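Please read the following account alongside the sequence and the coordinates, taking the contacts between rings, the sheets and the helices in turn.

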Amino acid sequence: MQASRYQIGSGQFQLAAKLIDEGRPSDNSYYLKLLEKGKITYLAGDYQQSQEYFKQVDEQLEWLSRQAEYRISSGLQQLSTLATNDNFIPYHIPVYEQVMLHHYQAINYLHNQGLESALVEIRKAGLIQQQAMQETPASLEQQLRDYQQQYQELSQQYPQFKTQQQLANAYQNGLSYVLSAVLYLAAGQEDDAYIDYRKALALAPQNKYLQAEVARLGAKLAMEDYQQYTPLKGEALTKQQGLLVVIHEQSLIKARQEARFSLPLYHNNQWQNFTVALPVMRGQADFSIPQGLEVAGQTFATEQVIQLDALAAKQLQQDLPGLLYRQILRLLSKEQLRRAVNQHNDAQHESWENVLVNLYNTASERADTRSWQSLPALAQIAIQALPAGQHTLKFEGLSQNLEPLNIRAGRVSLVLTNDLGSAIQVFNL
């Protein structure tokens, strides 16, 4: 994926897609590769092909949700990795990636099928987040059993990904809430738009555009509680104004890396130090760089609504107990194998066979660093009331810095941009 990421960063989207061989449906990373190709073809402007890739992943996720027998076979596959590593387990698409799947699919539907289909898709993103909020997470005791001490010691060594956001969970997504609110506005469902704007504001409470939209809709709908969520007074659109919404994506999400840690385990009546390989996210999250905009004599700039780097880091933090527990079982299994090999051997044979077993253990000890790497690092928004009519939207610093707009009174115009060089998308909804 490294070569493909380089091509994405260079704006060579078609080449980036060609560099990913999705393989066969039975491959452990097949559906992750479809996610990558879906996003890259989306960046390339091939929205029909992107829709097909995402549709295959969505159908697989729906199938998995109905298969009790899959959960059994998945458990057997995880047991089989005790002799290898987690890369042999089929990739599990976490909630935040599932939400982004439906986010981009909704945009594909705007291109290909229209607003109603896009609304169906974005509702799926909301439902996934709602279901995740209702699930009770497993406790450390449930996930780690007798190895909580090892987890605490590992936590002292584990690098903390530096991010400006302190997240409560890894699945609530302000970007998808903004898109759903915009689509609800376009469909005339202002109550639903108000609710999703409020959800987005709860995740980005300093975003002045979300504050203004919650105030505007709250006042228009006579919501008695809206001033609990925003310090602003609601300003209604005039009869000669429409609404411009800009969503700007920045950079690429950080990739997971492998790191090795020393882990003490009590085994065969003695303490031994083992080396484990685990995925980490290193370094500093990308800082939000506001995108300057100019239209109809007004200048303004985007503000951050989500940092996907932070969601990915939070997901890894939540996954760590389960990752560690499988690693511990794997280490003990390999140690048991080594002892079984040496059980009836003399010292000379034992020495050589120890070398072979240790070489195998080292070669098979690989962290699972898979994740959806063509997602943006973060996203920003700008929302502005504009007079109806023809306008030119100027983007500061983008290669495609001029975009004609047709603002219609009482309607929403949605503009999607990024800093990777793909075409600007404009929807007059």
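The structure holds seven aromatic pairs, where rings of Phe, Tyr and Trp (its six-membered ring) pair if their centres lie within 6.5 Å, and planes under 30 degrees apart count as stacked, over 60 as edge-to-face and the rest as tilted. In one of them, the ring centres of Y147 and Y325 are 6.2 Å apart and the planes stand at 50 degrees, so the pair is tilted. This pair links distant parts of the chain, 178 residues apart, with Y147 in the loop between α8 (140–144) and α9 (148–157) and Y325 in helix α13 (residues 308–342). Helices (H or I, at least four residues) and strands (E, at least two) are DSSP runs, numbered from the N terminus.

This is a predicted model, in which local features need pLDDT of at least 70 and side-chain atom pairs count only at pLDDT 80 or more, while totals for chains, interfaces and linings use all residues. Residues are numbered from 1 along each chain as its sequence is written, and side-chain values use heavy atoms, with hydrogens and water left out.

Turning to the sheets, an open sheet of four strands has the order β5-β4-β8-β9, with antiparallel pairing; two strands pair if DSSP finds at least two bridges between them. Because β5 (298–301) and β9 (402–407) stand at the edges, each with a single partner strand, one side of each is left without a neighbour in the sheet. Neighbouring strands here are turned by 25 degrees against each other on average, direction ignored, with axes taken as lines fitted to C-alpha atoms, for helices over the stretch in contact, and angles running from 0 to 180 degrees between N-to-C directions.

Within this sheet, strand β4 (residues 292–295) pairs with β5 in the antiparallel sense over four bridges, and V295 has Q298 in β5 as its bridge partner. The hairpin of β4 and β5 has two residues between the strands, and A296 takes a positive phi near 50 degrees there. Two bridges join β4 to strand β8 (residues 389–395), again in an antiparallel run, and L293 stands opposite F395 in β8.

An open sheet of five strands has the order β6-β7-β1-β10-β11, with mixed pairing. Its edges are β6 (303–307) and β11 (425–428), each with a single partner strand, so one side of each is left without a neighbour in the sheet. The twist averages 20 degrees from one strand to the next. Four bridges join β6 to the antiparallel strand β7 (residues 378–387), where I381 is the bridge partner of E303.

Helices lie across this five-stranded sheet, with contact meaning heavy atoms within 4.5 Å. Helix α10 (residues 174–186) lies across β1, β6, β7 and β10, running at about 120 degrees to β6, whereas α6 lies across β1 (241–250), β10 (412–418) and β11, at about 65 degrees to β11.

Helix α6 (residues 95–112) also packs with helix α4 (residues 47–66): their axes come within 9 Å and cross at roughly 140 degrees. That makes α4 oblique to α6, since angles under 35 degrees count as roughly parallel, over 145 as roughly antiparallel, 65 to 115 as roughly perpendicular and the rest as oblique. Residues of α4 including Y47, F54 and L61 meet residues of α6, among them L101, Y104 and Y109.
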